[in-house]
Amino acid sequence: MNKVILMGRLTRDPEVRYSQGQSGDQMAIARYTLAVDRRQRKTGDQQTADFINCVAFGRSAEFAEKYLRQGIKIAITGRIQTGSYTNKEGQKVYTTEVVVEEQEFAESKNSSSQAGSYQPDTSSAPEAASAEGFMSIPDGIENDLPFK
């Protein structure tokens, strides 16, 4: 079984590109890096971080483009994928990344902005979050929701 669960903060805004599909439609591909804390037992409670490359496709990539920003804390599930390619110098380069299957916010907007790590762009944001930290659903996207 190949299953990964990670929680961390984005090191930069997601990089999103669109590729041509076989039927002529475009598919979004988002790439981002998660900084995931790691405790080392030998040195006490000193924390270090692993920087995990992640890639999301389709609707997950569109979600990343629209809502994820540098510093925001998210939780993801996915699978590890390895690959290789030959660079311009003719050397073989090996890659490892997590293919994102699910992603969700791991803290409220208020928590992340108080930590000073995430400043949301409120110019195009929907209505403000309620006291519980949930956003109201914007008008006109009822058909895009994965549940009814």
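**View 1. Glu 97 and its partner Arg 31.** Glu 97 is buried, at a relative accessible area of 17% (buried is under 20%, exposed over 50%, partly exposed in between; 1.4 Å probe, protein chains only). Its side chain meets that of Arg 31 in a salt bridge, 2.8 Å from N to O (a side-chain nitrogen of Lys or Arg within 4 Å of a carboxyl oxygen of Asp or Glu). The two sit 66 residues apart, Glu 97 in strand 6 and Arg 31 in strand 3 (strands are DSSP runs of E, at least two residues, and helices of H or I, at least four, numbered from the N terminus). Arg 31 is partly exposed, at 37%.

This is a predicted model, with local features needing pLDDT of at least 70 and side-chain atom pairs 80 or more, while totals for chains, interfaces and linings use all residues. Residues are numbered from 1 along each chain as its sequence is written, and side-chain values use heavy atoms, leaving out hydrogens and water.

**View 2. Glu 101 and Lys 3.** Here a salt bridge spans 3.7 Å, N to O. Glu 101 belongs to strand 6 and Lys 3 to the segment before strand 1, so the pair ties together parts 98 residues apart in sequence. Shared partners join Lys 3, Arg 79 and Glu 101 into one network.

**View 3. Helix 1 (residues 58–67).** Gly 58, Ser 60, Ala 61 and Ala 64 are buried.
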